[in-house]
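Biologist: I'd like to learn how to read pockets and cavities. Could you walk me through it?

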Amino acid sequence: MSVVVYAPASIGNVSVGFDVLGAAVSPIDGSLLGDRVEVAVGTTAFSLQCVGAFVDKLPQQAEDNIVYRCWQVFARELDHKGITLLPVAITLEKNMPIGSGLGSSACSIVAALDALNQYHQQPLTSNELLTLMGEMEGEVSGSIHYDNVAPCFLGGLQFMVQEMDIISQEIPCFDDWYWVMAYPGIKVPTAEARAILPAQYRRQDVIAHGRYLGGFIHACYSKQPLLAAKMIHDVVAEPYREKLLPNFNQARKYALEAGAIASGISGSGPTMFSICTNVDVAQRLAKWLTDNYVQNDQGFVHVCQLDKQGAKVTGSEL
Ligand SMILES: Nc1ncnc2c1ncn2[C@@H]1O[C@H](COP(=O)(O)OP(=O)(O)O)[C@@H](O)[C@H]1O
Ligand SMILES: N[C@@H](CCOP(=O)(O)O)C(=O)O
């Protein structure tokens with residue numbers, strides 16, 4: 001008995017919606033940009049094995065891995081419902097660099113909780129799972145924010161409504177947008193990138209933020225892609241975080257001159273995203289970013305599209 005869940009990379013904020021907007025993305029060439037978690041029959045209550053390209057960057061102790069905390073909170077919820085927890089042997093395939101701005105911790109959290117739930121015949125609702133995912137993201141990044149876990153779990157472009165017991169709902173986006181994701185290979189811890197933000201903002205920034213976010217959502221619903229792209233503007237985080245990203249300003253300037261219709265910091269960085277409406281422009285930009293924005297052999301650039309599905313079961317013997 002086993003189940004494998006794949007959870008894709010995500011773009012927190014999408015520049016214009018700090019903590020309230022996020023998008024799931026997958027490379028158009030079919031390459032893997034996400035974590036995979038397998039839950040199988042255990043001989044003890046819990047065991048964790050880690051494999052994958054970024055396994056060396058994970059905490060040494062299994063108890064410090066967020067997957068262990070996911071299992072603990074899942075057990076807590078089953079206990080509340082009076083449901084028996086099965087012994088599990090978990091394998092985490094860590095394909096996502098940590099502190100990359102690609103929602104790496106969200107990938108592990110979403111894949112682990114979804115796989116645990118599938119393995120136990122889905123005792124938790126989607127909303128209950130998402131609540132736990134937010135709780136886990138809060139533990140690793142310093143405060144609860146759903147803009148990575150929601151798109152990673154549910155797919156597409158998600159807006160965090162957080163009202164009437166609804167955490168997130170999907171916003172219609174533009175299927176012909178190519179998202180060029182450039183990860184330079186250095187680490188920016190989310191908790192640190194959050195700690196440098198101001199506690200208060202000027203009135204003019206609050207007004208600008210409302211106009212950009214409202215304008216973006218309006219443009220998505222009224223199907224105006226160029227207006228939507230013009231609204232992708234960050235007055236909340238980018239002015240304070242750009243100093244953490246070497247060459248970001250130069251790379252963004254190049255991207256816009258080369259034909260991208262918008263560009264910004266993915267999550268808390270250092271990954272930069274650029275939106276193109278033409279695949280050839282996107283591929284040319286990807287090549288330039290590989291040569292000029294990537295700093296070491298850990299870095300990479302992928303041309304992506306929105307991942308409408310989010311987390312998915314890729315193997316199951318239940
Ligand atoms: N499975 C995991 N995947 C990613 N990070 C993990 C995992 N388990 C524990 N961590 C810890 O959580 C923190 C995640 O850092 P963060 O900057 O939030 O990453 P990201 O922005 O890429 O999600 C790091 O301190 C990392 O060591
Ligand atoms: N809204 C968050 C998003 C963090 O994304 P990550 O991929 O860097 O974890 C923030 O901007 O702090």
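**Pocket, ligand and cavity**

Modeller: Let's start with the lining of the largest pocket: helix 1 (66-81), helix 2, helix 3 (126-141) and helix 5 (190-195) each supply at least two of its residues. Helices here are DSSP runs (H or I, at least four residues), numbered from the N terminus. This is a predicted model, where local features need pLDDT of at least 70 and side-chain atom pairs count only at pLDDT 80 or more, while totals for chains, interfaces and linings use all residues. Residues are numbered from 1 along each chain as written, chains are lettered from A and ligands numbered from 1 in written order, and side-chain values use heavy atoms, with hydrogens and water left out.

Biologist: Where does ligand 1 sit?

Modeller: A molecule sits in a pocket if more than half of its atoms lie within 2 Å of the grid points. Ligand 1 takes up the space of the largest pocket. Around ligand 1 there are 18 residues (a heavy atom within 4 Å), and Asn65, Ile66, Gly99, Ser105 and Thr190 come nearest. Helix 2 (residues 104-119) gives the largest share of that shell, three residues.

Biologist: Which side chains have polar atoms close to ligand 1?

Modeller: For a polar contact, look for a pair of N or O atoms within 3.5 Å. An N or O atom in the Ser105 side chain is 2.5 Å from an oxygen atom of ligand 1. Asn65 has a polar side-chain atom 3.0 Å from a ligand 1 nitrogen, and Lys94 also has one 3.0 Å from a nitrogen of ligand 1.

Biologist: And which residues line the largest cavity?

Modeller: Asn13, Ser15, Asp234, Ala237, Glu238, Arg241, Ile265 and Gly267 line the largest cavity, whose volume is about 40 Å³.

Notes. A polar contact is a pair of N or O atoms within 3.5 Å; within protein, one must be able to donate a hydrogen and the other to accept it, and residues adjacent in sequence count only if both atoms are side-chain atoms. On a 1 Å grid over the protein atoms alone, a cavity is a set of points where a 1.4 Å probe fits but cannot get out, and a pocket is an open set with protein on both sides within 12 Å along at least five of seven lines; lining residues have an atom within 4 Å of a point. Grid points are joined across faces, edges and corners, and a volume is the space filled by probe spheres set on the points.
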